[in-house]
Amino acid sequence: MSRIMGGARTAIDTSNQALRGLARGTASVAGLPVDAMTFALNNDSDVQNILGLIGLGGRKIENPVFGSDYNKRAVDSAMDAGTATANLTGAGLRPPSAGPQNLFERGISRVGEEVGAMALPVGGAIRAGATMAPEAIQGLPRIARAFVEPASIDAAKFAQREVGTAVGAGLGASGVNEVTRAGGVKEDSIGHAVGDIAGALGGAGAVGVARHIGPKIADVFNALRGDPNFANQVSKDAAVERISEAYGLPTARLGESGPTNTAPIVDAIENGTRISDTVPGFRESLADRTGNSGIAGLEYSRQASGSGAFAERTRTNIKAVDDAMQRVAPQGTPGAFRGALEERRAGVLQGADDAATTAQQQFEEAAGRLRSSMHADARGADIRAPLEDALGAARNVEREAWQGIDGQLPAAPLAQRFARVTDGMTESERRVVGDLTGALGTPGRLAPRAPVPDAMSAITGRAPPAAAADAADLREITSLRSELTTAQRQAATQGDGNKARLVGNYIDQIDAHLVEHAPGQQAAIDAARTVSRDLNDRFTRPQTAIAQTLDRQQGLPRVPDSGVPGRFVQPDSGRVADFDALMREAGTDPRAQGAIRDEILARVERQRTPEQLDRFVTEHSRVLDRFPDLREEINGMRDLRAGADTAASTQSELRSSLGDASTPGTSSVGRYLRYGDEQSTTAMRGVMNAPKPAKAADELLNFAGNGKEAVEGARRTFWDILESQGRSKGETTANIDGVQPWMPRRVARFLEDPRNKAVAERLYRDDPEHLRNIGKITDALQNVDTRLRARATGSSGTAQGVSQVLSPETLQSRLYAYKRGQVSGTFLITSIAAVAGRRGVARAQTEAIGRLVDEALTNPDAAATLLRENNPANRAILARKAKGWIGNEAGTAIDALNDADEDPTMSAVKRKAAAR
């Protein structure tokens with residue numbers, strides 16, 4: 001417990017003195033301006049003269065407020081008050097002493113003063129360096145810039161250097177103070193101040209020497225032991241210089257001012273493109289990051305030398321790029337896309353076949369229902385028969401009309417009229433009407449004749465019989481007229497106008513005879529004549545189809561049965577009046593209706609196209625108006641015919657466009673399916689080389705239904721083409737893992753081709769981010785070359801390095817000199833050690849330079865650290881002598897000069913200062 005309590009008291013006392021020293025040092029520097037002003041006033045003759053005028057001559061300013069002594073006493077008072085209020089008695093500890101009690105505490109206190117004195121200016125410089133712009137720092141006064149500029153470059157290193165120097169100065173001053181103390185020099189004397197300053201300077205100098213010699217000794221030690229990570233400042237500086245020269249920075253040479261500043265390279269590294277952000281695991285080189293051609297030249301020069309770092313980087317980068325590209329590669333299979341197209345094509349063609357078959361069947365069923373079932377002769381007979389029946393009925397009506405006319409009229413006058421007409425004809429005209437001789441002789445036969453005596457009358461002597469009265473039946477005369485009227489119509493029908501005219505002359509004589517000799521029957525005759533005229537108009541007019549149908553010659557129809565239907569079923573531009581007449585006379589007869597319908601169907605059968613059917617319906621509207629249901633059926637068949645034709649045309653077009661297993665198609669789908677799964681890339685190249693690639697790709701994907709698997713399969717096919725174009729080929733380009741590297745420029749050119757770009761954009765239309773990711777990778781790799789294969793590296797071991805440090809020739813020459821007495825044993829040993837150290841360090845430096853350069857070229861971040869920490873411009877600034885501790889020494893000197901004692905030496909110094 002006693003030892004524990006003693007250790008605790010020692011720690012408290014030591015900490016107390018250290019804190020007091022820090023506080024006193026800070027207070028001393030804070031009061032330095034006041035001390036300097038006081039010294040100037042006390043030793044300025046003009047000021048003293050002014051004070052003498054006001055009665056204060058000879059008075060000196062002592063212990064000015066906020067001067068060093070004033071501040072130190074304030075700090076001591078505050079520390080004393082603090083220690084007095086600390087409750088350490090309860091813990092069994094005494095309060096710490098106000099002043100140092102032994103050598104160690106005095107040393108700690110003195111070191112604390114130096115550190116405290118350094119803290120104020122150094123802390124201010126660090127704060128200013130962190131907040132001020134570089135241009136503002138360059139505009140500071142020289143002494144302020146000497147502090148702020150190093151702090152702005154590397155505050156930690158600046159502070160470390162200042163603290164180290166302050167500690168060294170404190171230790172040096174403490175040591176000298178102990179010597180002067182032992183010699184009896186007063187602490188407030190000028191001698192003590194001189195010794196203190198000299199000790200501080202010596203301590204600071206010792207620190208500087210240690211900083212200079214220490215690394216050299218460490219370099220020799222590490223070089224001789226073959227440290228694989230050896231890299232001294234010389235190596236770093238050489239590596240930085242080599243990189244700077246390659247980058248193109250101006251290098252400080254003999255006669256040039258100012259060291260090289262590597263900040264531009266560091267900025268280029270930090271602001272450069274980081275490919276690893278896009279391609280995880282990619283290790284871009286310094287040339288990749290900065291894009292500097294000089295660095296690229298140095299990189300490829302080092303790479304060509306077979307450096308293992310570059311070989312490993314190449315292998316890693318090839319794998320990283322490959323992994324990145326595989327992550328964005330489609331996961332589908334080309335066969336999935338082709339399978340979707342093939343399946344859809346089969347479905348479409350089968351659908352077209354089914355539609356065509358169904359449409360054709362529907363049309364054939366409709367056409368079957370509308371097919372003619374009668375022969376033309378049968379149709380003609382079915383039309384003629386009801387017309388003959390209608391004619392017979394009309395003749396019955398006519399007969400009844402004429403039967404109502406009864407009476408007698410003379411026939412002789414009519415015979416005389418006929419004789420006059422005949423006598424007025426030429427012989428040729430008589431021959432024209434020669435076939436009517438019988439009819440024309442009827443009036444003569446009806447007229448009575450004079451009795452002729454016969455043989456019996458002569459024998460018997462009786463008188464001949466008396467002549468009969470001239471009284472013919474009226475119906476005989478009207479019947480004759482009807483017969484002649486028929487003959488006249490027939491002549492006109494047959495185109496014999498002359499005969500018709502001649503016959504008409506006889507008819508006129510009959511009419512005149514009736515007017516003259518039968519005036520009481522005129523009304524009945526007119527009525528009967530009207531009936532006859534109507535009959536003739538309906539059935540016997542030669543120019544009508546009915547008359548032609550009913551006309552007979554020698555008992556046979558003049559028009560055959562097969563020619564009858566065509567005379568009635570005619571287009572609207574033909575003789576539709578004949579059809580209307582037929583409908584009037586026999587329209588209600590089923591035979592006529594069936595025959596006309598069958599004739600229409602027979603003509604419809606000859607219409608091959610929907611247009612022809614439509615034209616037929618339009619041209620025969622008058623006929624079809626009497627058969628509205630048939631019109632609808634024909635229109636329905638026309639639509640079915642159009643549908644069948646359309647389906648057949650679609651079927652043919654689809655087979656021509658899409659093709660099938662035996663015939664290649666003409667469309668994008670047909671051309672694509674021309675190739676099997678093993679030739680999917682050839683098929684896709686056809687799409688990319690189409691006149692309109694985007695349209696072709698869109699047609700394919702839409703035809704495949706834009707299904708996920710189909711689209712992914714199409715993307716995979718496109719990717720296979722991209723990969724074949726974007727990867728290097730050949731064994732000489734593969735890395736040691738056998739992976740062929742991607743060629744970013746080729747990939748970029750492939751994707752930038754308008755045809756390929758159009759297809760890619762359509763393939764990734766639903767996932768454009770995926771395509772952009774591919775572009776990001778290729779864009780990031782545009783200035784990266786990963787084509788070189790890894791090369792075997794030539795390594796050197798520690799044993800080999802040692803053998804090169806001391807060659808046999810060197811050892812032998814030194815031993816021979818020793819044996820001949822030319823050198824002593826000590827010189828022999830030191831000489832061998834010097835050569836070994838020098839050669840070892842030189843060799844280690846050479847290897848370190850190459851290693852550092854390679855590491856910087858293959859690791860831009862490491863290069864940035866190397867260039868930042870070993871920036872020649874920054875190192876020149878940071879290498880300037882530490883200055884923060886000088887403030888305490890200046891305070892010590894001014895405090896000693898301001899001391900009021902009458903020490904002769906001090907007085908002499910003061911007088912000398914006043915004389916200046």
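**Before you start**

Residues are numbered from 1 along each chain as its sequence is written, and side-chain values use heavy atoms, with hydrogens and water left out. Because the model is predicted, local features need pLDDT of at least 70 and side-chain atom pairs count only at pLDDT 80 or more, while totals for chains, interfaces and linings use all residues.

**Exercise 1. A helix and its surroundings**

Find out which residues of helix H28 are buried.

Solution. 
- Start with the terms: helices (H or I, at least four residues) and strands (E, at least two) are DSSP runs, numbered from the N terminus. Buried means under 20% relative accessible area, exposed over 50%, and partly exposed in between (1.4 Å probe, protein chains only).
- Next, go through the helix: Val576, Asp578, Phe579, Ala581, Leu582, Met583, Glu585 and Ala586 are buried in H28.
- Finally, draw the conclusion: H28 (residues 576-586) has eight of its eleven residues buried, so the helix is largely enclosed by the rest of the structure.

**Exercise 2. Salt bridges**

Work out how many salt bridges the structure holds, and look at some of them in detail.

Solution. 
- The rule comes first: a salt bridge is a side-chain nitrogen of Lys or Arg within 4 Å of a carboxyl oxygen of Asp or Glu.
- With this rule, the structure holds 32 salt bridges.
- Take Asp353 and Arg655, whose closest N and O atoms are 2.6 Å apart. This pair links distant parts of the chain, with Asp353 in helix H16 (residues 334-369) and Arg655 in helix H32 (residues 628-658), 302 residues apart. Asp353 is buried at a relative accessible area of 15%, whereas Arg655 is partly exposed at 30%.
- Move on to Arg558 and Asp551, a salt bridge with its closest N and O atoms 2.5 Å apart. Arg558 counts as partly exposed at 35% relative accessibility, and Asp551 is buried with a relative accessible area of 18%.
- Now try Asp698 and Arg765, where the closest N and O atoms of the salt bridge are 3.6 Å apart. Here too distant parts of the chain are linked: Asp698 is in helix H35 (residues 693-703), and Arg765 is in the loop between helix H38 (754-763) and helix H39 (768-780), 67 residues apart. Asp698 counts as partly exposed at 23% relative accessibility, and Arg765 counts as partly exposed at 44%.
- To finish, look for a network: salt bridges link Arg379, Asp598, Glu599 and Arg603.

**Exercise 3. Aromatic pairs**

Describe two aromatic pairs by their distances and angles.

Solution. 
- Recall the cut-offs: rings of Phe, Tyr and Trp (its six-membered ring) pair if their centres lie within 6.5 Å; planes under 30 degrees apart count as stacked, over 60 as edge-to-face and the rest as tilted.
- The structure holds three aromatic pairs.
- Phe337 and Tyr672 form an edge-to-face pair, 5.2 Å centre to centre with 75° between the planes. The pair links distant parts of the chain, from Phe337 in helix H16 to Tyr672 in helix H33 (residues 668-672), 335 residues apart. Phe337 is buried, with a relative accessible area of 1%, and Tyr672 is buried with 2%.
- For Phe718 and Phe750, the ring centres are 5.6 Å apart and the planes are at 50°, so this pair is tilted. Phe718 belongs to helix H36 (residues 708-726) and Phe750 to helix H37, 32 residues apart. Phe718 is buried at a relative accessible area of 2%, and Phe750 counts as buried at 8%.

**Exercise 4. A nonpolar surface patch**

Name the residues that make the nonpolar surface patch of about 270 Å².

Solution. 
- Check the rule: patches are made of residues with over 30% relative accessible area and no salt bridge, like charges being joined within 9 Å and nonpolar side chains (Val, Leu, Ile, Met, Phe, Trp, Tyr) within 5 Å. Accessible areas come from the Shrake-Rupley method with a 1.4 Å probe; for residues, only the protein chains shown count as cover.
- Val209, Ile213 and Ile217 make this patch.
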